[in-house]
2 protein chains.
Amino acid sequence: MQTLQVDLGERSYPIHIGERLIDRAELLADRIRGRQVAIVTNETVAPLYLDRLTQTLSGYAVTPVILPDGEEHKNWQTLQLIFDALLGARHDRNTTVIALGGGVIGDMAGYAAASYQRGVDFIQMPTTLLSQVDSSVGGKTGINHPLGKNMIGAFYQPRAVIIDTTTLATLPPRELSAGLAEVIKYGLICDEPFLGWLERNIDRIRALDSAALTESIHRSCAAKAKVVNADERESGVRAILNLGHTFGHAIETHMGYGVWLHGEAVSAGTVMALEMSCQLGWISPPERDRAIRLLRRAALPVVPPAQMKPQEFLKHMAVDKKVLDGRLRLVLLRQIGEAVVTGDFPYDVLEATLSADYGAMTEHLGA
Amino acid sequence: MQTLQVDLGERSYPIHIGERLIDRAELLADRIRGRQVAIVTNETVAPLYLDRLTQTLSGYAVTPVILPDGEEHKNWQTLQLIFDALLGARHDRNTTVIALGGGVIGDMAGYAAASYQRGVDFIQMPTTLLSQVDSSVGGKTGINHPLGKNMIGAFYQPRAVIIDTTTLATLPPRELSAGLAEVIKYGLICDEPFLGWLERNIDRIRALDSAALTESIHRSCAAKAKVVNADERESGVRAILNLGHTFGHAIETHMGYGVWLHGEAVSAGTVMALEMSCQLGWISPPERDRAIRLLRRAALPVVPPAQMKPQEFLKHMAVDKKVLDGRLRLVLLRQIGEAVVTGDFPYDVLEATLSADYGAMTEHLGA
């Protein structure tokens with residue numbers, strides 16, 4: 001087991017990463033204050049891991065909350081099921097909410113914990129690669145609104161994140177790839193040596209080699225924790241974590257939640273950010289292609305949906321959270337391993353990026 | 001105009017109190033960062049003050065959000081109307097949400113501001129005495145759940161509180177009295193000299209004498225700010241602000257939201273807390289009666305609903321937020337002007353308090 005401490009003053013918390021941590025009662029006991037626990041999970045994850053976790057928590061009064069699976073359920077109606085269960089079982093202010101599942105479960109359970117009686121304890125046990133390296137670190141929680149993703153939520157820190165790498169054995173390969181989009185992102189925005197490590201180890205990771213998984217998750221969480229430490233409430237530098245996300249959110253919104261996986265949309269969005277950085281002369285075409293090649297080796301899409309024209313992107317990007325007073329700001333690469341957030345680019349470069357022929361650009365970059 | 005600074009580090013904010021502050025553009029301009037503003041109000045307050053406030057904000061893009069009036073609308077469905085309006089008008093992260101109305105509006109607008117894009121700026125303009133001295137100070141926001149009041153919410157501080165005392169001219173006398181229950185509470189829990197001042201000035205306040213109103217609101221806010229400063233997240237001493245509230249919440253829940261006004265329930269609940277403090281030998285019967293007499297002079301109920309038997313109280317109090325690990329804790333008076341939070345009392349004293357004959361106790365204390 002490896003442990004990383006996220007340093008946020010009195011809200012600091014540990015991230016434990018290793019094999020079979022679901023069974024480690026002492027990791028949980030260290031971070032649970034009361035006698036009541038609610039495990040929030042979904043219909044897919046519950047049959048796999050709920051009984052085991054309940055057994056680990058045998059000393060507590062456990063309320064299981066099993067939600068429907070899928071991004072389309074990340075809304076108030078589903079969130080309400082958590083509140084109903086907590087109030088129905090009379091959970092008090094000393095209760096602990098544990099999220100057992102992927103990013104959707106983590107976001108909803110976290111927002112429920114932030115809101116229940118104005119805030120109760122929260123522990124993340126992410127079971128997908130994406131949530132292990134992304135949603136479980138940084139304190140972002142929330143739900144979707146019909147007019148936009150993640151528009152309702154809270155910044156709320158967990159008491160602990162417990163990452164059991166063996167849960168990835170039950171993850172569909174497509175979702176493993178989606179998680180790798182975020183892993184590769186950390187290399188691109190702030191850690192060029194990690195990008196090199198990934199180029200050498202991507203096949204081991206995809207084969208679920210335990211040491212490679214632990215190392216890649218640890219380095220990803222460390223990169224994110226470093227950025228989050230510097231800027232907890234996303235007023236400045238933290239926004240570099242959104243490389244590919246502005247384009248990616250537009251893809252997700254346009255296609256309808258859940259059609260493209262989040263990581264898939266981020267992958268195609270990252271290619272667009274790479275292309276734009278290239279057009280601005282900040283990175284070279286070979287550097288752009290090096291990154292695209294790694295995304296392809298991770299079995300990720302590198303071409304945005306054919307039916308999305310520039311005006312579709314622009315429409316969806318106008319309600320993006322990174323719009324400041326009507327001015328669009330994007331995360332771009334100054335060089336490989338160094339991202340910047342900027343609104344200072346010619347509009348025609350954005351338009352050229354939205355109109356580029358990504359099929360032709362990427363077809364010779366064999367996966 | 002009097003100004004009180006609430007000192008909470010980087011989240012400090014001013015409370016301005018005075019006549020016709022709704023028209024003072026510079027007070028708002030000082031605390032608004034962007035160009036977008038949403039005014040959240042209700043169907044009762046909008047015809048009285050919305051146009052005037054909109055005129056004061058003539059330099060901004062203003063989105064009015066007019067909600068139905070009443071505690072029974074303090075729920076997710078109504079909250080959603082705020083999010084719909086913010087997203088419909090494309091409010092970004094630099095927007096400011098202004099609450100114009102009573103406690104329900106403040107609680108909902110505050111929770112909406114806390115949750116919209118994970119937190120945007122928030123200004124309180126409370127228009128009822130209750131919200132001026134209570135809900136607008138302390139950062140509590142939230143909505144009700146069918147199984148309990150204020151069960152879903154956030155601790156979220158406003159950028160400013162602007163209290164226009166002339167709005168009390170349009171407040172029904174019954175609601176003015178309800179606000180006085182909280183004003184009197186501050187004297188009881190932490191400021192005996194203020195209680196004496198209230199005994200001398202209660203008639204001027206009820207006649208809406210401007211100087212008396214400003215003074216009573218200022219001293220109430222100062223008392224609350226002092227307690228909140230010491231304990232922002234209600235882990236300890238802050239709970240003394242809930243004098244009368246545990247019994248009062250039981251009354252509100254049992255009678256159905258809105259049948260008894262919050263302040264009315266708090267008044268009857270305060271009498272019960274006084275009686276229990278008396279039975280414990282902490283205050284004397286004449287001290288208890290002194291406080292009851294002042295509540296009666298404020299035209300407040302001092303007898304709980306006749307149909308509520310002890311078991312009804314106990315049932316509702318079991319889901320109260322002050323229940324810690326199943327142990328009931330109550331706010332009681334060590335002496336007039338000094339409250340304590342304690343779970344250390346014989347159960348039979350609680351039962352005797354719930355069974356006492358409040359009609360007989362109070363009927364000789366002429367209003």
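1. In which helix of chain A does Glu264(A) lie? Glu264(A) belongs to helix α10 of chain A, residues 262-279. Helices here are DSSP runs of H or I with at least four residues, strands are runs of E with at least two, and both are numbered from the N terminus. Glu264(A) counts as buried at 10% relative accessibility; buried means under 20% relative accessible area, exposed over 50%, and partly exposed in between, with a 1.4 Å probe and protein chains only. Setting aside neighbours within four places in sequence, Glu264(A) is in contact with Arg174(A), Ala178(A), Leu300(A) and Pro301(A), where contact means heavy atoms within 4.5 Å. Between the C-alpha atoms of Glu264(A) and Ser277(A), 13 residues apart along the chain, the separation is 20 Å.

2. On the basis of the model: it is predicted, so local features need pLDDT of at least 70 and side-chain atom pairs count only at pLDDT 80 or more, while totals for chains, interfaces and linings use all residues. Residues are numbered from 1 along each chain as its sequence is written, chains are lettered from A and ligands numbered from 1 in the order in which they are written, and side-chain values use heavy atoms, with hydrogens and water left out.

3. The unreviewed UniProt entry places the feature "binding site" at Glu182(A), His245(A) and His262(A). These three span 81 residues in sequence, yet no two of their C-alpha atoms are more than 10.2 Å apart, so they gather at one spot. UniProt positions are given in the numbering used here, feature names are shortened, and annotations may be inferred rather than shown by experiment.

4. Glu182(A) sits in helix α6 of chain A, residues 173-190, and is buried, with a relative accessible area of 0%. Beyond its neighbours within four places in sequence, Glu182(A) is in contact with residues including Leu130(A), Val133(A), Asp134(A) and His262(A).

5. His245(A) is in helix α9 of chain A, residues 245-255, and is also buried, at 5% relative accessible area. Leaving aside neighbours within four places, its contacts are Glu182(A), Lys185(A), His262(A) and Val266(A). The side chains of His245(A) and Glu182(A) make a polar contact at 3.2 Å. A polar contact is a pair of N or O atoms within 3.5 Å; within protein, one must be able to donate a hydrogen and the other to accept it, and residues adjacent in sequence count only if both atoms are side-chain atoms.

6. How is chain A divided into domains? The assignment gives domain 1 (2-170) and domain 2 (173-362), with bounds from an automatic or database domain assignment. Their C-alpha centres lie 26 Å apart, and 33 residues of domain 1 of chain A are in contact with 34 residues of domain 2 of chain A. The two domains bury about 3000 Å² between them, 64% of it on carbon and sulfur atoms. Leu129(A), Val133(A) and Lys149(A) supply 21% of the area that domain 1 buries against domain 2, more than any other three residues. Buried area is the accessible area (1.4 Å probe) that two parts lose on being put together, summed over both.

7. Two salt bridges cross this domain interface by the rule, which asks for a side-chain nitrogen of Lys or Arg within 4 Å of a carboxyl oxygen of Asp or Glu. Glu252(A) forms a salt bridge with Lys149(A), the closest N and O atoms being 3.5 Å apart. Six residue pairs, both at pLDDT 80 or more, are in polar contact across the interface of domain 1 and domain 2 of chain A.

8. The rule finds zero salt bridges between chain A and chain B, whereas the count of residue pairs in polar contact (both at pLDDT 80 or more) is 13.

9. Two backbone angles deserve a look. Arg20(A), in the loop between β2 and α1 (25-29) of chain A, has a positive phi near 55° and is not a glycine. Ala299(B), also not a glycine, has a positive phi of about 65° and is partly exposed at 46% relative accessible area.
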